[in-house]
Amino acid sequence: MVSVRKSHQMSETSFEQWLVALELSPAKHSALEALWNKVNNFFAEQLECQNKSLEMVEILASLNLDKDSLCAAFLIPLHEYNCISIEYIEDNFSKAVLLLCKGVKQMDAIKALQQTQSNQVAVNQVDNIRRMLLSMVEDVRAVVIKLAERLCNLRIVKECDEESRVLAAKETANIYAPLANRLGIGQLKWELEDIAFRYLHPVVYKKIAKLLDEKRLVRERYMVEFVDFLTMQLEKLGIKGTVYGRPKHIYSIWKKMQKKSLDFDQLFDVRAVRIIVEELQDCYGALGIVHTNWQHLHHEFDDYVATPKANGYQSIHTVVLGPEGKPVEVQIRTQQMHDDAELGVAAHWRYKEGSAGGKAGEKKSGFDEKISWLRKILQWQEDVSESGELLDELRSQVFEDRIYVFTPNGDVIDLPAGATPLDFAYYIHSNVGHCCIGAKVSGRIVPFTHRLQTGDQLEILTSKTPDPSRDWLNPNLNYIHTPRARAKVQHFFKLQDRDKYISQGKEHLENELSKLSLTNVNLHSATKRFNVNNIDDLYAAIGSGNARLLQVIHFLEQQEDKLKPRPEIDPQSLVKPASVTKSSGDNNAITVSGVGNLLTHMAKCCHPVPGDQISGFITQGRGISVHRFDCEQLSNALSQQPERIVEVQWGNKGKQSYQASIQLIASDHQGLVRDVSTIIANERVSIVGLESHLDSVKETVAMVIKIEIANNDLLSRLISKLLLLDAIVSVKRL
């Protein structure tokens, strides 16, 4: 079942016997013995205080802490129960013990992290948090002593009312267990989690404990045979190591059942063994033995030796089908890896007098990396003296791995990994981004392509007038990372250029209409055709190139022709010789004017659909190729052979659908394809093919969708509806 530490009770033995049972070094033994002789009278009737002192020493002794830490742990309950004062500790014990006691006391301010709704925290609480951080960085042993104290408190509240147990359990689950995990102290992490889980979910805890206990004898017999066989195989190959059954933790069992939606009988690691070897290469030698003798499950293999976890954890995990086809989880690691996993930073104590920076060029140790995040927070303390943001930042640093940066005023800004100073500027405000001309990180000028890191403090340099660069939108230059900032830049240029495009578009259109003597055209009729809201939008579309001028002119000419009065026609003139044919149609619903029965086909370069302005090109041996009026390939062909152009029109009958392709750019998110396909299906349009490409750096997806569609109006309506999706950046027809 669960690995539970048994406490030595003073009522059952003498202090000397208790001390001998801890198997401490002579120096630690002597220090604790002298301490007991000095303060044992203060316990008096405080049996609970005495038991807490002894238990804290037991916990920390198992973590191999030094004598100063053990002495401080012994004294802290006495101070908590008001048996001794901090002045007494200062007068009678070393400075190191005093600082540790003060550091643990200051860490009581961590309770402020439990605040959920209000971000406003009293200044004195911020000061407490700062002092706590300082103690954690100056001597990380204070953190481990605090974790041991929390574990003792959890055991003490077992006899209290349910409300007290639940409050203590929530505080532990939300703060102290993640903190132990961040520092890599697995031995404390699992025990904190299990006891907290027992208080928060007593029924589920007891159910899992009962299931473990009911099958314990059968499982233990099975595991003894498995361990004996594995030990023998290691000896045959000359691999020195220890094999033993690994104790299970009820919280981890429940968590796995919830995560994978499994019943207890379906869990792979209820039967688990651990192999501890001497050398790194022996890890893979042992893995070979395990996989040679039993079939392993590919999807349950993890090599955390080659790729350690964020808190430095290293081990090889695999699941094999052992005897009788029962799954067994096997963990393989060296003794050093095991110590790191169980003790975390406690396995690598360093003190100022022994580690004043290390040798030049020496690689940073895992221990240094584990507490470097604590040091960073101190760099911000002067800027946030009257802000509760420090609490939010510490909470995120302890419980999440996210990118946080600071404004000059100490406000915390949450940005995705890979964000740049421009992303930060546009997050603050659109105008800050538009006016940005430079950025400083911690007082140093950095380029716009600089990748921000957690803890950076940014100052944006701005001009009086907005002047963003179009280069910022170039994805290859890496100026902007977030879709949010990119959309704001695009919107700026869209608004900035609108007046210019309106003026240019109006001038071009009026000039062409004047050349054709079209003075009474109805421009409102063209707004619907070109999918714009008003005439100014039509001018802007022409000026920006989103609408081709010749297409607009051709449409207005057709509208003008429809309004002209029809001349009176002699009925006899309608009778024409059968041999005279002015136009003919084909199965593509295309009418070719002035030519006999000719074969036509839709050009694959532009895929025209009914409603598009079209032109024909006489090919050699394939009849007439029908192109969109603005097709570039048609323009290229006519520049070389202009005599091959022929006028064609859409007929009244023909095919029910035509193929067209659209390109869609969108922010990557789950369900994107579903949302797009739903809109297409609602328009009763068939998807012929779909290609997509994910850009993980920009977090965007590019899709090319080939569809079958009846006419151009339906295609325009479909594009308009796709653009209404929040994630869509752009949609255009190919």
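These legends describe close-up views of one predicted model. Residues are numbered from 1 along each chain as its sequence is written, and side-chain values use heavy atoms, without hydrogens or water. Local features need pLDDT of at least 70 and side-chain atom pairs count only at pLDDT 80 or more, while totals for chains, interfaces and linings use all residues.

**View 1. Helix 4 packs on helix 8.** Helix 4 spans residues 67–80 and helix 8 spans residues 141–156. Helices (H or I, at least four residues) and strands (E, at least two) are DSSP runs, numbered from the N terminus. The two axes are 11 Å apart and meet at an angle of about 50°. That makes helix 4 oblique to helix 8. Axes are lines fitted to C-alpha atoms, for helices over the stretch in contact, and angles run from 0 to 180 degrees between N-to-C directions. Under 35 degrees counts as roughly parallel, over 145 as roughly antiparallel, 65 to 115 as roughly perpendicular, and the rest as oblique. Helix 4 contributes D68, S69, A72, A73, I76 and E80 to the contact (heavy atoms within 4.5 Å). Helix 8 contributes R141, I145 and E149. By class, the contact has four nonpolar, one polar and four charged residues. Ala, Val, Leu, Ile, Met, Phe, Trp, Tyr, Cys and Pro count as nonpolar, Asp, Glu, Lys and Arg as charged, and the others, Gly among them, as polar.

**View 2. Helix 3 also packs on helix 8.** Helix 3 covers residues 47–62. Its axis lies 9 Å from that of helix 8, at an angle of about 130°. Helix 3 and helix 8 are therefore oblique to each other. From helix 3 come E48, K52, E55, M56, I59 and L60. Among their partners on helix 8 are V144, I145, A148 and E149. The contact divides into nine nonpolar, one polar and five charged residues.

**View 3. Helix 20 crosses helix 22.** Helix 20 (residues 483–515) and helix 22 (residues 535–544) have axes 6 Å apart. Their angle is about 90°. The pair is therefore roughly perpendicular. Helix 20 brings R498, Y501, I502, Q504, G505, K506 and L509 to the contact. Helix 22 brings residues including D536, D537, Y539 and A540. The classes are six nonpolar, four polar and four charged.

**View 4. T700 sits in strand 21.** At 16% relative accessibility, T700 counts as buried. T700 touches A666, S667, D668, H693, L694 and D695, not counting residues up to four places away in sequence. The C-alpha atoms of T700 and V729 are separated by 9.0 Å.

View 5. N82 has phi of about 60° although it is not a glycine. N82 lies in the loop between helix 4 and helix 5. N82 is exposed at 69% relative accessible area. S442 has phi near 55°. S442 lies in the loop between strand 9 and strand 10, and is exposed at 55%.

Key. Buried < 20%, exposed > 50% of the residue type's maximum accessible area, 1.4 Å probe, protein only.
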